[in-house]
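Grab a pencil and work through these exercises one at a time. Try each task yourself before you read its solution.

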Amino acid sequence: MTRMQRSVVWRRQDRATMEFFTLSQVTDGWRLSGTVVAVDAGRPLLISYAVACDADWRTQLVDLSVNDGDDYRWMSLRSTESGVWLANELPVPGVDGCVDIDLGVTPATNTLPIRRLNLAVGEGADAIATWVVFPSLEIRPLSQRYTRIGEHRYRYESNTGFSTELDVDEHCIVMSYPGGWNVIAGI
């Protein structure tokens with residue numbers, strides 16, 4: 001069986017930020033991995049992450065690190081079979097039952113609910129994600145809505161009041177995130 005793998009480089013439109021991202025099919029599901037190089041409040045920032053999902057695109061494990069030149073932080077998040085989220089093996093309050101992870105520093109994690117929900121054109125669905133805010137690594141729930149408005153276009157809305165339209169490729173990887181990210185290279 002041929003395994004799918006796709007890599008892209010994103011550039012952020014409104015900040016000095018770039019990311020190298022890879023989506024890979026693995027034996028028991030999917031793996032998303034990326035490295036983000038950014039400037040935050042005038043400071044260099046390097047973020048690396050890996051997300052493991054099952055075959056149905058439910059997040060199981062997330063490893064991430066943040067390095068700002070002075071401080072290095074690492075976190076491992078996992079969702080148990082009962083839907084409890086653990087950060088470095090300690091329970092995370094307020095996010096039990098969330099199926100998706102949303103890493104606030106990348107458009108990569110939009111792929112997860114888009115693939116998992118498998119919406120027909122014209123359909124919409126709500127989801128609550130475990131949201132990791134960067135660079136603080138604060139974790140909180142984030143209510144989201146995805147509406148498929150075209151073959152490769154989705155409207156994304158969150159309870160923060162943010163809304164945009166995402167253009168995706170055939171693998172549901174974000175190609176254009178207005179006001180945020182654009183793919184500048186991909187294979």
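**Exercise 1.** Decide whether Tyr156 is buried or exposed in this predicted model.

*Solution.* Start with the number: the relative accessible area of Tyr156 is 4%. Now bring in the cut-off: buried means under 20%. So Tyr156 counts as buried.

**Exercise 2.** Find out how strands E11 and E12 pair, and what stands opposite Thr147.

*Solution.* First look at the strands: E11 covers residues 138–150, and E12 covers residues 153–158. They run antiparallel and share six bridges. Two residues sit between them, giving a hairpin. Finally, check Thr147: across from it in E12 you'll find Arg155.

**Exercise 3.** Classify the ring pair formed by Phe162 and Tyr177.

*Solution.* You need two values, because a pair of aromatic rings is described by the distance of the centres and the angle of the planes. For Phe162 and Tyr177, the centres are 6.1 Å apart and the planes make an angle of 20°. Pairing needs centres within 6.5 Å, and planes under 30 degrees apart count as stacked. So this pair is stacked.

**Exercise 4.** Work out which cluster Tyr146 belongs to.

*Solution.* Look through the whole structure and you get six aromatic pairs. One of them is Tyr146 with Tyr156, a tilted pair with 5.2 Å between centres and 55° between planes. Together with Phe162 and Tyr177, these two tyrosines form one aromatic cluster.

Notes: Residues are numbered from 1 along each chain as its sequence is written. This is a predicted model: local features need pLDDT of at least 70, side-chain atom pairs count only at pLDDT 80 or more; totals for chains, interfaces and linings use all residues. Side-chain values use heavy atoms; hydrogens and water are left out. Two strands pair if DSSP finds at least two bridges between them. Helices (H or I, at least four residues) and strands (E, at least two) are DSSP runs, numbered from the N terminus. Rings of Phe, Tyr and Trp (its six-membered ring) pair if their centres lie within 6.5 Å; planes under 30 degrees apart count as stacked, over 60 as edge-to-face and the rest as tilted. Buried means under 20% relative accessible area, exposed over 50%, partly exposed in between (1.4 Å probe, protein chains only).
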